[in-house]
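Please view the model alongside the points below.

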Amino acid sequence: GAEQRALAEALAARLNRTLHNANEGLKREVASQGEQLLARLDSLADDLHEEVGEQVALMEGRSEARGEHARERLAALGSGMERQEREVKEHFLRLEERVVGEREE
């Protein structure tokens, strides 16, 4: 009786430590990946800002054909950013589901 209870408590404590360590590891992973994804989004925002500047310059004095090309590039970049934002949100949802799933186990 007492030995089995002590053994069960030791196993429960070990399992609890293991789950805690796994949870902390996941938190670090999520934070790191979040920082990387935010850096990628910042880079895309910088690209968009640069593209807008180029488009303004084209519209101010260059041919209409060049302006159209810049608008097409800007539209493509904007849709790329929207896709990237969706991927970031989906990635975080998957990570969150993984963290919740591991907590429930």
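1. The model is predicted: local features need pLDDT of at least 70, side-chain atom pairs count only at pLDDT 80 or more, and totals for chains, interfaces and linings use all residues. Residues are numbered from 1 along each chain as its sequence is written, and side-chain values use heavy atoms, without hydrogens and water.

2. The protein chain has two helices and zero strands; these are DSSP runs (helices H or I, at least four residues; strands E, at least two), numbered from the N terminus. Its C-alpha atoms fill a box of roughly 90 × 15 × 10 Å along the principal axes. Of its 105 residues, 18% count as buried (under 20% relative accessible area; exposed is over 50%, partly exposed in between; 1.4 Å probe, protein chains only).

3. The salt bridges (a side-chain nitrogen of Lys or Arg within 4 Å of a carboxyl oxygen of Asp or Glu) number seven. One of them joins E51 to R73, with the closest N and O atoms 3.2 Å apart. E51 lies in helix 1 and R73 in helix 2 (residues 64-104), so the pair ties together parts 22 residues apart in sequence. E51 is buried, at 8% relative accessible area, whereas R73 is partly exposed, at 39%.

4. E54 also forms a salt bridge with R73, at 3.6 Å between the closest N and O atoms. Shared partners join E51, E54 and R73 into one network.

5. Within helix 1 (residues 2-61) lies D46, which is exposed at 54% relative accessible area.
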